[in-house]
Each structure stands twice: as structure tokens, then as C-alpha cells.
Amino acid sequence: MIIFITFFVSTFTEQDQSLCQKLGDKEWAKKVYKKVESKTKNSNEVNDLAKSLLEIFGDAEWSGKLLTSNNLPPLEKDVAVKKVIKKTYRVFYYFEFSPDKHFGVDRKKCKCGICPKKIIRKEDDLYVSDGDSYNNDEDGNESLVKDVDTAYDYLMSKYEGDNFDNYGYFDEETNNPNGNDESEFSDGFGDEELNIFKIEVLDHESEKIIETHNM
Ligand SMILES: [Zn+2]
């Protein structure tokens with residue numbers, strides 16, 4: 001039986017799993033697993049299968065049910081909380097700028113439609129993934145992205161770092177409404193602020209959205 005499970009696990013992990021994810025056809029894969037489940041006999045086998053369900057499908061509910069229905073304790077915490085599926089985080093943010101001049105003229109003369117009174121806001125997003133590293137403090141200690149909070153910290157730490165270049169994080173408007181050759185922020189950004197307002201969690205492989213966090 002162990003061999004049987006191992007066979008399926010290795011097969012799914014390497015080829016069929018990615019195929020399944022591409023086809024979005026986990027249901028089919030689950031059917032095969034259900035068959036294995038119905039044939040498991042002893043507690044070690046059930047435990048192995050529960051781990052596989054979690055590792056391959058990230059299906060904590062199913063693996064949990066399998067264990068409780070066989071009167072087995074839940075998986076050890078380090079197994080259960082292990083990042084079994086690599087995740088990508090789409091970090092949505094906007095900058096707020098208040099320069100004195102916009103597109104080369106005083107803001108009260110700017111014809112962009114936002115000036116003179118409204119805050120100039122530039123929205124964009126950034127993808128980071130589990131395992132991406134960033135410096136999270138003044139001593140340059142390295143941290144790794146592993147969840148929503150660290151994905152947030154990843155961008156914030158870059159923003160607060162010395163080498164941050166705003167231009168790498170949003171697109172400047174190239175259509176100058178004032179009829180001169182200046183770029184949108186040729187006179188600087190003035191007071192500025194970065195706000196992260198949403199983070200989507202995606203399956204790294206399939207790029208499907210797993211959950212959305214409004215910040
Ligand atoms: Zn303007």
C-alpha cells in the first residue's frame with residue numbers, strides 16, 4: 001500500500017500535478033486519490049495519505065477529515081502549516097505626491113484635470129513570491145517573503161530604503177497637457193507617501209487567486 005501511495009504521490013508531484021493545474025482539473029486527480037483513500041488500511045498509511053493531500057492539493061480540510069474519520073490526531077503542526085504550495089503575492093499600492101509644479105508649470109496653472117487642488121495619485125501593483133528576500137531593518141538583516149504580512153514588508157522596506165526609485169514603481173504620464181517639453185515630475189514629487197491597499201495571494205504555478213486581503 002505504501003508503494004501504491006508513493007507511486008501516485010511521485011507521479012502527481014512531477015507531471016500530472018502540473019498538468020492538472022494547467023487544466024484546472026483537480027477533481028479528476030481527487031477521484032484517483034479517493035480510490036487510494038478507500039483502500040488505506042493502517043494508521044501510518046492514512047497519515048501518509050493525509051500529508052500527501054496537504055502537500056499536493058493544499059487541502060487541509062480533506063486531510064483533516066481523513067484523519068478524524070480514522071480516529072487519528074491532526075498532523076503535527078510543522079507539517080500542517082508548512083508552505084506546501086508556493087505562493088505569489090500581487091501587492092496593490094498607490095503613491096500620493098504633492099509637488100509644487102506638475103508637467104513643468106505651477107500646479108495652479110496645470111491643465112491635467114487633477115491640479116490644482118487634488119492629490120496626485122499613481123496606482124500600480126507588484127508581484128513578489130515566497131522566498132523573495134528583502135532587508136527589513138537598518139542593519140541589513142535579510143528576511144524572506146512567506147505570507148501577506150512579509151509581502152507587505154517587502155515593498156515597504158524597499159520604499160523606506162536608501163536606493164528606492166519611484167520611477168521603477170509606476171508609469172509616468174507622458175501626455176503633457178501644458179504644451180511644454182517637461183516630464184510629469186521633472187520638478188520632483190514634493191511630499192510623498194506610499195499606501196498598500198490590497199494584496200492578492202496567488203498559486204505560484206497556476207496563478208489562480210487563492211485569497212484577497214484588503215489592507
Ligand atoms: Zn497637474
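**Working chat on a predicted model**

Modeller: Reading from the N terminus, the elements of the protein go α-α-α-α-α-β-β-β-β-β-β-α-β-β. Keep in mind that this is a predicted model.

Colleague: How many helices and strands does the protein have?

Modeller: There are six helices and eight strands.

Colleague: And what percentage of the residues count as buried?

Modeller: The protein has 215 residues, and 18% of them count as buried.

Colleague: What share of the contacts with a separation of 6 or more comes from residues 24 or more positions apart?

Modeller: Such pairs account for 59% of those contacts.

Colleague: On to the sheet. In what order do the four strands of the open sheet run?

Modeller: The order is β4-β1-β7-β8, with antiparallel pairing. At the edges are β4, residues 120–129, and β8, residues 209–214, each of which pairs on one side only. Neighbouring strands in this sheet are turned by 20° against each other on average, ignoring direction.

Colleague: Which helix packs on the sheet?

Modeller: Helix α6, residues 148–160, does, and it touches β1, β4, β7 and β8. The direction of α6 makes about 150° with that of β7.

Colleague: Back to β1 and β7. Over how many bridges do they pair?

Modeller: Strand β1 (87–98) and strand β7 (191–203) are paired over 12 bridges, in the antiparallel sense. Tyr93 has Ile196 in β7 as its bridge partner, and Ser98 stands opposite Asp191, also in β7.

Colleague: What about β1 with β4, how many bridges there?

Modeller: That antiparallel pairing runs over 10 bridges. One example is Tyr89, whose bridge partner in β4 is Val128.

Colleague: Switching to the helices. Which residues of α4 are buried?

Modeller: In α4, which spans residues 60–69, Ser63, Leu66 and Leu67 are buried. Viewed down the axis of α4, the buried residues fall within an arc of 95°, so they line one face of the helix.

Colleague: Which exposed residues does the face turned away from that buried side carry?

Modeller: That face of α4 carries Glu61, Thr68 and Ser69, which are exposed.

Colleague: What is the phi of Asn71, which follows α4?

Modeller: The phi of Asn71 is positive, near 55°.

Colleague: Buried or exposed, and why?

Modeller: Asn47 counts as buried because it has 20 C-beta neighbours inside 10 Å, and the cut-off for buried is 20 or more.

Colleague: How far is Asn47 from Pro73, in sequence and in space?

Modeller: Asn47 and Pro73 are 26 residues apart in sequence, and their C-alpha atoms are 9.2 Å apart.

Colleague: And where is Asn180?

Modeller: Asn180 sits in the loop between α6 and β7.

Colleague: Is that one buried or exposed, and why?

Modeller: Asn180 is exposed, because 11 other C-beta atoms lie within 10 Å, and 12 or fewer counts as exposed.

Colleague: How far apart are Asn180 and Val105?

Modeller: In sequence, Asn180 and Val105 are separated by 75 residues; in space they are 8.9 Å apart, C-alpha to C-alpha.

Conventions. Residues are numbered from 1 along each chain as its sequence is written. This is a predicted model: local features need pLDDT of at least 70, side-chain atom pairs count only at pLDDT 80 or more; totals for chains, interfaces and linings use all residues. Helices (H or I, at least four residues) and strands (E, at least two) are DSSP runs, numbered from the N terminus. The arc is that of the directions from the helix axis to the C-beta atoms. Two residues are in contact if their C-beta atoms, placed from the backbone, lie within 7 Å. Two strands pair if DSSP finds at least two bridges between them. Axes are lines fitted to C-alpha atoms, for helices over the stretch in contact, and angles run from 0 to 180 degrees between N-to-C directions.
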